[in-house]
Amino acid sequence: MAEVKLEKISKVYEDGFKAVDQVDFIVQDKEFVVLVGPSGCGKSTTLRMIAGLEDISEGKLYIGDTLVNDFPPQQRDIAMVFQNYALYPHMTVRQNMAFGLKLRRMPKDEINARVMNAARIIGLDDLMNKKPGTLSGGQRQRVALGRAIVRNPKVFLFDEPLSNLDAKLRVNMRLEIAKLHKELEATIIYVTHDQTEAMTMADRIIIMKDGLIQQIDSPIIMYNNPVNKFVAGFIGSPQMNFLDGKIEGSDFIGENNVLKIHLPSKYQKQLADYAGKNIIMGIRPKDIKHVIEGEIDIGSYVAFNTSFNGVEPMGNETFLYFSMGDNEWVARVNPDSVIVEKDTVYLNSHKLHFFDQKTEISL
Amino acid sequence: MFIYPFVWMLSASLAPESELATLTVIPSEITFENYQVLLDKIPIGRALLNSVIVASSVTLGVLVFGSMIGYALSRLEFRGRDTIFYIILFTMTLPFHITLIPNYILMVKFGWVDTYAALIIPYMINAFAIIMFRQYFKSIPQDLIDAAKIDGCGELRIIFQILWPNSIPALVTIGIITFMASWNEVLWPLIVIRDEQLMTMPQLVTLFAVGGRAESQLGVKLASAVLLALPILVAYMFFQKYFIQSMASSGLKE
């Protein structure tokens, strides 16, 4: 295993399009790093540059201590798991797993031992002589994992490996990949557009947009302290609610006076320079309550009368949709509360986020 | 209806010469006399061997080079790739007869007249095969090729160990079409081969049947025609499944 270091890596295509812009980060040895972002943000391109499947336009890439910019994929000692599995259809599971080792002229006994060991780890013992075409999606992805494991590479690369699986299987595989990471003590770089996968598996998340890194942090820090509105909106499900407005005295006033919140003193200090200026306020759905009886800090809630546009009972929680000015907001509330069409919700005024309206940077 | 001429050809070639005029399908007696005459008059066995050598070599060459060029045109990134593709496409529109004389002059300059080289080498690369392979390879997911690269395959190994086993319908279709075209080719061998020992079957049969050496014996002519058609018929029946499947699925897309 080894660390992976990217120094100001860029990818510029022939037509001048900059897919990845000066990306700079280090993945520590044995770390599980998730690259996340909306489609077209450059995360897959970054991964493919690490794999050697795309040329690096600028910058330096180190795997371990070696500069690998000009190394072809097979010399980088990496293994990759693809979204659509990319198994060789004409080979059995065993042959699929052994193929890379054969090409490296490994002795037969060693190949067999490794393949059997990997098959045991991912529970494929019974399927070794089947062709990929006869396997289910989940089994195929396991074989793809197995093919990566037998190589015992310095770095594992995952390119949206769970996107083609159904929801239930995805949860299972998520757990298995996390388990695998512990068991193999592997360095893993994992690309996904799904923030849930990022939150649940990553030691650290790297969030990208338009080829630029937005923030690198652990999932919890990223959730609690997003650096900008984009990160705040991307991480967390359902996503954060936003409202444009301005600071007047010690109050936040939503646009068109739709909402007025008296700010706790911590925010007043923080926003002292923004008096009279336009800002964006954000609040997570979990910080909006429907019933506040029994809450300890009942005084910090701000009431808002509304009528609900939609109610989604999920069983363990209920989502309430309502309009806040021009914005659709959502609250994540206790499923036991009785919902009537016109009702009051309560916003926790201690759990607000503020962003500059122009730069969208967190304040 | 469709099969009647074949049946008649076969049965007539086995019938005595005197019964041919009646066009009957079932001859009164079966005789191999026509074949015997044929074998005595021309080196048809040798011609069969020549045809097999030529058609096989040409087919192999077309498959190997066609897939290599098709792969380069579909998967490798280089300047002028599309221009090259369009030039290759353009050559398909040129009738064979336009290049016939320049090609012949080339053969003379190379000293290849009356050698296998003249029959084989000019046919080893074929625009149709290149285009078919390009289109077929485009339908194979890039991830499969990427996975092979990461596993340690070079480009040639990708073509022959990863793409070929997954392109059987394309290989069979192109193989059959090339083999048949090469097998049936008459004009080019007539021009570059004069030595009877090097003649391909269609060439020899044509010279024999049309050139007058059959001495107007229809039965013998028919016997030579049967021998000419037989290998292709057998091959077609054997590969029919693939042939129809790939004709249906791998036609030119885009």
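How many bridges join strand 16 of chain A to strand 17 of chain A, and in which direction do the two strands run? In this predicted model, 5 bridges connect strand 16 (residues 301-313) to strand 17 of chain A, and the arrangement is antiparallel. Within chain A, residue A:V311 stands opposite A:L320 of strand 17. The two strands form a hairpin with 4 residues between them, and A:G315, located in the turn, has a positive phi of about 100°.

Strand 17 of chain A is also joined to strand 18 (residues 327-333) of chain A, here by 7 bridges, and this pairing is likewise antiparallel. A:F319 stands opposite A:R332, a residue of strand 18 of chain A. A hairpin is formed by strand 17 and strand 18 of chain A as well, with 2 residues between the strands. In the turn of this hairpin, A:G325 shows a positive phi of about 60°. Strand 17 of chain A, which spans residues 318-324, is mostly covered, as 5 of its 7 residues are buried.

Over all chains, a search of the whole structure identifies 19 aromatic pairs. One of these is formed by A:F32 and A:Y190, whose rings are tilted, with 5.8 Å from centre to centre and 40° between the planes. The pair links distant parts of the chain: A:F32 belongs to strand 3 (residues 32-36) of chain A and A:Y190 to strand 8 (residues 187-192) of chain A, with 158 residues separating them. A:F32 counts as buried because its relative accessibility is 0%. A:Y190 is likewise classed as buried because its relative accessibility is 0%. Both residues take part in a cluster in which ring pairs link A:F32, A:F156, A:F158 and A:Y190.

Charged side chains also lie over aromatic rings in chain A. A:K229 is positioned over the face of A:F242, at 5.0 Å from the ring centre. A:R284 lies over the face of A:Y223, at 3.9 Å from the ring centre.

Chain B has a secondary structure of 13 helices and 0 strands. The C-alpha atoms of chain B occupy a box of roughly 70 × 45 × 30 Å along the principal axes. Of the 254 residues in chain B, 42% are buried.

Helix 1 and helix 13 (218-249) of chain B each contribute at least two residues to the nonpolar patch. The most is given by helix 13 of chain B, which supplies 4 residues.

The C-alpha atoms of B:S28 and B:D143 are separated by 65 Å, the two residues being 115 residues apart along the chain.

How values were computed:
Residues are numbered from 1 along each chain as its sequence is written. Chains are lettered from A and ligands numbered from 1 in the order in which they are written. This is a predicted model: local features need pLDDT of at least 70, side-chain atom pairs count only at pLDDT 80 or more; totals for chains, interfaces and linings use all residues. Side-chain values use heavy atoms; hydrogens and water are left out. Rings of Phe, Tyr and Trp (its six-membered ring) pair if their centres lie within 6.5 Å; planes under 30 degrees apart count as stacked, over 60 as edge-to-face and the rest as tilted. Buried means under 20% relative accessible area, exposed over 50%, partly exposed in between (1.4 Å probe, protein chains only). A charge sits over a ring if NZ of Lys or CZ of Arg is within 6 Å of the ring centre and within 35 degrees of the ring normal. Two strands pair if DSSP finds at least two bridges between them.
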